[in-house]
Structure formats: C-alpha cells, structure tokens
Amino acid sequence: MSNPVIAWYARGMHSSAPRPLSAGRPSRGLTGTIQVPGDKSISHRALMFGALAVGETRICGLLEGEDVLRTAAAMRALGAEVTQEGPGAWRVAGRGIGGLVEPEDVLDMGNSGTAARLLAGIVASHDLFAVMTGDASLRRRPMRRVTEPLALCGARFSSRGGGRLPLAIEGAREALPIEYSVPVPSAQVKSAILLCGLNAPGLTVVHEREATRDHSENMLRHFGAEVHVAVDGHARTITLRGQPELRAADVVVPGDPSSAAFPIVAALLVPGSEVCIEGVGLNPLRTGLFTTLREMGAVLEVRNPRTEGGEPVGDLVVRSTGLRGVEVPPERAPSMIDEYPVLAVAAACASGVTRMRGLKELRVKESDRLSATAALLEANGARVEIDGDDLIVTGNGGPPPGGGLVVTHMDHRLAMSALVMGLAAAKPVRVDDAAFIDTSFPGFSALLNRLAGNGLPISA
Ligand code: S3P
C-alpha cells in the first residue's frame, strides 16, 4: 500500500511514535506546480451527508488524512457502506436520514474536533446510543459548545468533567427542532445543529453573529435539502426544513486553502520562488489569509477561476516578495481561523508590526494555538507578544534567527508552520513531532522538498 496514511488506517489506526523533523533554507527558490490535498471541512461533510442520503454518493479528491479517515470509520460503524475505490475516490452507500444503526463499539475520532462535533449532531437526533472518544488533544477540547444546544432536541449527554470526551450520547427518540444563537463563531457548532435538524420535524434555525464557513449549507442544498440563509451585515440566520429526503450526490472536493497556506507562505518567504497551486478552494468565508497577505504586499494571482461542486476554485500563483506588517481585524478571524500560526511566521519575516486581533478561539484548537504560536516564534528569536486575545509580532524585515526546537502539542498546523519558519530562517528549525501533519496534509514534507528541487531542506 503506497499511501502511508491509508496503510495506517488499514492497521487499525494505531498511532505511530513521535517523528521529529527539521527544516533549513533550501539552496534555491521553491518552484513548480503542485496540488494540495482535498479540503478537510468538505471531506468530512461529504462522507457524513453521503451516509445520510439515500443512494450512492461518489466523492473525488477526498482528503485521505487521518482526521477524515476517522469520519469514514465512524460512518461505517453507524451502518453506511464507505469504500475507497482509488486514490481520493470514495463511494458511500447511505442509509437515509433516521436510518443509522447503533455502533457496536466506541467511536474514536482521533485528533479531529470537526469529526467529533459534527457527529455529535448527527447522533443526537437518531434513536441510538453511542460513545465517542479521541486522542489526548481532542479529549482536552470543549464539547459543551455542542452538547448544550443539542440537548434542546431531547438528546442526553454524559461526559467527563468540563464537558470533555469521552462522551456518551443517548440520541432523542423523536427529536425536536432547535433554534439557537451560537455564542462563539464556530462552523462546527452551527453544522452540528443543522445536522441534528435533518432528523427533526419542522424548522431548525441557527443564528450566528459572525459568518463562519458555509460548507454545510452548500452541501445540504447540493444533497437536496431546503436551506435558507438571511444575511444581516456580518450576521446570518440559517433555516433548515427538517426531514428532507437527502438524495445521493457526487462531490468534487477542492484543494484545501488552509493547506495551500503553507506552500504559499513558504514561496513568499524563500527568495527566488514561484509556485502555482492548482485547484484551491476560494470560498470567501475561507480566504481571509489571502486578503491579509495581499495587504502585506503579496501578489497572489488567481488563474482559471471556476466553480466545482458548488464551491469557487482557482489556481493560485505566488512569487517571493518582501512583506510589511499590518493590522488584522477581529471580524476577519472566522475566515482564516486555522491560518494564524503560518501568518505569524510570515509576520516574523515582514518589516514592521503585525497585530492579529480577536484570537480567543485559537486557545481551543488542537492545542492552545495562541500561546503555542507565540512559543514557536520565541524559540526562533522572533519578537512576539500576547495582549489579551491579540497576537503582536514585530517583524525582522527579513529572515528571523531560527535555530529553535518547536514543541508541537499534537497540532498539525503548528508543525507545518514551524517547518515553513525553518525554510525561511537563518538557522534550521526543528519540531519535536511531525506525525500529526498526516491528519490534514499527508505528503507535506515530500511536496515542499519537491518544490525545492529535492535538495531535501525538510528531513529527519
Ligand atoms: C471547521 C471549523 C473551524 C476550523 C476547523 C474546521 C469545520 O473550527 O478551525 O479546522 O470544518 O467546520 P470551529 O468551528 O471550532 O471554529
């Protein structure tokens, strides 16, 4: 089996030993045309909606990272037929809404908050009992943000202290529709409620104060559900008519803009680079990083803009450029929430100060990303400060010193950000464990090494 993540999946998903890795400056610029793995958010949803639909859904470009394979295994445990037919090509034979079966064993969601929270929504409105757990990182993350609203449908939850996994769910026998104002900007919470609402009669209504990624809404429509979105400034109200007949629909998964962020920032920072990334998802609720990088002076050219599977997509061309510090407004955070660690690396190489405002949600990601990002920069001689929920980076106006060891706290995006720092910094940067990169970006190091002409700037 050539894909190591698929091999890991076939081995029963037993995690591997820590994999330290280091990155140094490549001997030349990064050049070439690449594709990044499929969008993680869309991949989870394609498997889930496929399992809830009647008929066979075919997915192409599925992210075969560990997080998504956890969702595949969970949907299979709930009775759907989920099979890989080729690289990135998957088939899901769905059970129809209300048709899921009780899983025989605990559902292990690994490192994935999206898998755990969205699945809690699905199970909440099915008359079955399920227990969910995850790895040490996921078991630390807050689940009350979904269990509190989902309890309104009649489901019952018991968890460890602080609403942490493991979580036992007794799904509602006859779920009630929920109306809820989401107190934190979270697409996961919104999506959990919408997924729950699929098996409740009447209207499920979610109010969000700030718009978050709308892949669930798009995919609900794609599978034939009736969804209405009312926009009022940054706020949105999403209304779903419950108990639709979801019809199987084919899904083309675009390249993940959150994964494209790493080669993009690397190409901006390594002198002499020119990289084209084909087929990147450009949903405006995901592209806050690209807006910010443009404000910092980057030229990101979009070629061949098109729509694929209901999502805007394009090829992105980026060349190395000197960057300047900017202020990133808090209302932009939901559209670039996963990109702050790598933006902080770019900011450390820019001239002037970058202030990233309103990053409270970063504290509850795969790690406390606010303090871990500050530690990443500090370990490499960059000037950084946390002020309340803001991250302030004073750029070096060129490569920061580097030479640090970065503790990644089971967080894939910290690991990749640290390696991008290593490509740009004066001295190599080492990470304690790069194994978690496989959750979202299998083949990351090989791809960047290929852009560097296989001079292997990233190696053990
Ligand atoms: C995701 C939503 C975001 C994001 C995560 C994926 C999703 O989380 O950080 O990587 O697919 O809905 P929150 O909803 O917690 O902000």
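Is Leu289 buried or exposed, and what is its relative accessible area? In this predicted model, residues are numbered from 1 along each chain as its sequence is written, local features need pLDDT of at least 70, side-chain atom pairs count only at pLDDT 80 or more, and totals for chains, interfaces and linings use all residues. Side-chain values use heavy atoms, with hydrogens and water left out.

Leu289 is buried, with a relative accessible area of 1%, where buried means under 20% relative accessible area, exposed over 50% and partly exposed in between, computed with a 1.4 Å probe and protein chains only. Leu289 belongs to helix H9, which covers residues 288–295; helices (H or I, at least four residues) and strands (E, at least two) are DSSP runs, numbered from the N terminus. Between Leu289 and Val265 there are 24 residues of separation in sequence and 9.9 Å in space, taken from C-alpha to C-alpha. Burial extends over the whole of helix H10 (residues 340–349), in which 10 of the 10 residues are buried, so that the helix is largely enclosed by the rest of the structure; among these buried residues are Tyr340, Pro341, Leu343 and Cys349.

The surroundings of the ligand are considered next. The shell around the ligand consists of Lys40, Ser41, Arg45, Thr114, Pro185, Ser186, Ala187, Gln188, Arg213, Ile337, Asp338 and Lys365, a residue being near a molecule if one of its heavy atoms lies within 4 Å of it. These residues divide into three nonpolar, four polar and five charged, where Ala, Val, Leu, Ile, Met, Phe, Trp, Tyr, Cys and Pro count as nonpolar, Asp, Glu, Lys and Arg as charged, and the others, Gly among them, as polar. Helix H2 (40–52) and helix H6 (187–197) each supply at least two residues of the shell, and H2 gives the most, with three residues. Because domain 1 (19–38 + 254–455) and domain 2 (40–239) both give residues to the shell, the ligand lies between them, the domain bounds coming from an automatic or database domain assignment.

An open sheet is formed by four strands in the order E18-E19-E21-E20, with mixed pairing, two strands being paired if DSSP finds at least two bridges between them. Strand E18 (327–328) and strand E20 (383–387) stand at the edges, each with a single partner strand, so one side of each is left without a neighbour in the sheet. E20 runs antiparallel to strand E21 (residues 390–394), to which five bridges join it, and Asp387 stands opposite Asp390 in E21.

Several backbone features remain to be described. Most residues other than glycine have a negative phi, and most peptide bonds are trans. A cis peptide bond, with omega of about 0 degrees, joins Leu165 and Pro166, and Pro166 is found in strand E9 (residues 164–170). His409, a residue other than glycine, has a positive phi near 50 degrees; His409 lies in the loop between strand E22 (405–406) and helix H12 (412–424) and is partly exposed, with a relative accessible area of 42%. Leu456 also has a positive phi near 50 degrees, and Leu456 is found in the loop between helix H13 (444–451) and strand E24 (458–459).
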